[in-house]
Amino acid sequence: MVCVEKLRELAWSGIPPYMRPDVWRLLLGYAPPNSDRRGGVLKRKRLEYLDCVSQYYDIPDTERSDDEINMLRQIAVDCPRTVPDVSFFQQAQVQKSLERILYTWAIRHPASGYVQGINDLVTPFLVVFLSEYLEGSVDSWSISDLSPDKISIIEADCYWCLSKLLDGMQDHYTFAQPGIQRLVFKLKEVVRRIDEPVSTHMEEQGLEFLQFAFRWFNCLLIREIPFHLITRLWDTYLAEGDALPDFLVYIFASFLLTWSDKLQKLDFQELVMFLQHLPTNNWTHQELEMVLSRAFMWHSMFNSSPSHLAN
Amino acid sequence: MAYRADDDYDYLFKVVLIGDSGVGKSNLLSRFTRNEFSLESKSTIGVEFATRSIHVDEKIVKAQIWDTAGQERYRAITSAYYRGAVGALLVYDVTRHVTFENVERWLKELRDHTDSNIVIMLVGNKADLRHLRAVSVEDAKAFAERENTFFMETSALESMNVENAFTEVLTQIYHVVSRKALEVGDDPAALPKGQTINVGNKDDVSAVKKAGCCSA
């Protein structure tokens, strides 16, 4: 029996790569903490995914509605454009797996359906669950080394973990994405409390937080930092569990204010351009840890005393 | 038409890039503003933004171009960015007919959210993929004539007509704006509301006299 609360505490600061697949499955509540039940539950869930694929994905277009055809088309447009800077994701079979996972998820979540950017969210799961079967760095992997059985197990795990992750953020991807709008507003408030000069400067320049932070929330920062740092970032995300949406606000405030001095020197157009292409290419774990620990600190300071944010 | 520093301009025009997902909007923008093209570009989430200045009639016209996400779901977000736009490139993919069929919906969306004077150009992108063509030039031309928009085929990959398409739109906007400046005298405050046209405080009216000599 795993104590998930204890596991959250430990995982928050980073999980050793070899334990990551098991820990992520536990943190997301996909694998049960009771080790006697675990094998059986996972087996059943993986079969259920396969059933869904054959029921929804492996059918001719004539059996799909127009909306479903449109959705599949949109997913097919996006899969080749998913993390294109990592060559592994350019492999045709990887893109097919992505397509099956995304389409099956979208069909089973009609309130939102597929929204561009959700394709990015599958990629950390894919690399983590593939790492159970493939050795070395992602760049050297070839998915064709794996048997179809193994690939379907990995896909199933990605599917269920994506589902669990997004269950906690349902209104982030429904019409007009109110959940994201709410968090963007909260981010603006938190930044104002933490760094008045930056906040004032951005406001004077007419910069809206929605103009840059929308993508951050929509893709959970996958677009903004090097891919090799993403799994570490996600250790913290998943350790937060249900509290993740609120904590994202503090991570993103901390991320933004990494460039506090720089931002105050830029005018509107420079700000938009800078924030769209942040100079994180050479980031290492060190910069990321700094963002996370500052987020932790600000979260403890402000979240426990909401009156700090009141006016 | 040299690339030049951003800070100095006579006119600032807001232009939006719209159209279905995957038709090449972001690559048209990067080709025009940075002369770059990427076969591996990511989908646009929400909106993105770039600028470039060009010369029109010895004036410096700065284009502030907003690139929008193509997926229908994002329209609630992206349509907010139409406000104040004085130009639009409505892009479809000449190899995917469905993206041309959707042009009508985009046009309606655009006209619902913008000033009636907005300059619109229909752009058939990916014209380099000749063997895959699914939309004829004639069909697109006919549509553009019927809807009273400009029309051009482009290839962001081959850098074909990209410069022309943007320049034409900016030039036409310039003509609309300078004509207006002429009508209302030289009081920039009298410009219709809802347009973020930044009319320089120099000789706007005299610029109008030279209009007509610079069409692409």
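## Interface between chains B and A

About 2600 Å² is buried between chain B and chain A, with carbon and sulfur atoms giving 53% of that area. The model is predicted. Chain B brings 28 residues to the contact, and chain A brings 31 residues.

Which residues of chain B lose the most area to chain A? They are B:Lys42, B:Ile45 and B:Arg73. Together they account for 26% of what the chain B side buries.

Two salt bridges are counted between chain B and chain A. B:Lys42 takes part in a salt bridge with A:Asp85, side chain to side chain, at 3.8 Å from N to O. B:Lys42 is also among the residues of chain B that lose the most area to chain A. Polar contacts across the interface of chain B and chain A come to 13 residue pairs, both residues at pLDDT 80 or more.

Several elements of chain B build its side of the contact. Strand S2 (47-56), strand S3 (59-68) and H2 of chain B each supply at least two residues of the side that touches chain A. S2(B) gives the largest share of that side, five residues.

## B:Thr78 in helix H2

B:Thr78 sits in helix H2 of chain B, which spans residues 75-78. Is B:Thr78 buried or exposed? B:Thr78 counts as buried because its relative accessible area is 0%, and the cut-off for buried is under 20%.

What does B:Thr78 touch, not counting residues up to four places away in sequence? The partners are B:Gly46, B:Val47, B:Thr68 and B:Ala69.

## Nonpolar cores

In soluble globular proteins, nonpolar side chains tend to be buried together. Here the largest nonpolar core holds 142 residues. A:Phe125, A:Trp216, A:Phe217, A:Trp234 and A:Tyr237 have the most contacts inside this core. Helix H12 of chain A (residues 244-257) contributes the largest share of the core, eleven residues. Domain 1 (4-167) and domain 2 (178-309) of chain A each give at least three residues to this core.

A:Tyr237 shows the local packing. Neighbours within four places in sequence aside, A:Tyr237 contacts A:Leu220, A:Leu221, A:Leu244, A:Leu248, A:Ile251 and A:Phe252. Another core, of 31 residues, lies apart from the largest one. Among the residues of this other core are B:Val15, B:Val91, B:Val123 and B:Ala165.

How values were computed: Residues numbered from 1 in each chain as written. Chains lettered and ligands numbered in written order. Predicted model: local features only at pLDDT ≥ 70, side-chain atom pairs only at ≥ 80, totals over all residues. Heavy atoms only, no water. Helix = DSSP H or I, 4+ residues; strand = E, 2+ residues; numbered from the N terminus. Buried < 20%, exposed > 50% of the residue type's maximum accessible area, 1.4 Å probe, protein only. Contact = heavy atoms within 4.5 Å. Core = buried A, V, L, I, M, F, W, Y, C linked by side-chain atoms within 4.5 Å. Domains from an automatic or database assignment. Buried area = accessible area lost by both parts, 1.4 Å probe. Salt bridge = Lys/Arg side-chain N within 4 Å of Asp/Glu carboxyl O. Polar contact = N/O pair within 3.5 Å; in protein donor to acceptor, adjacent residues only side chain to side chain.
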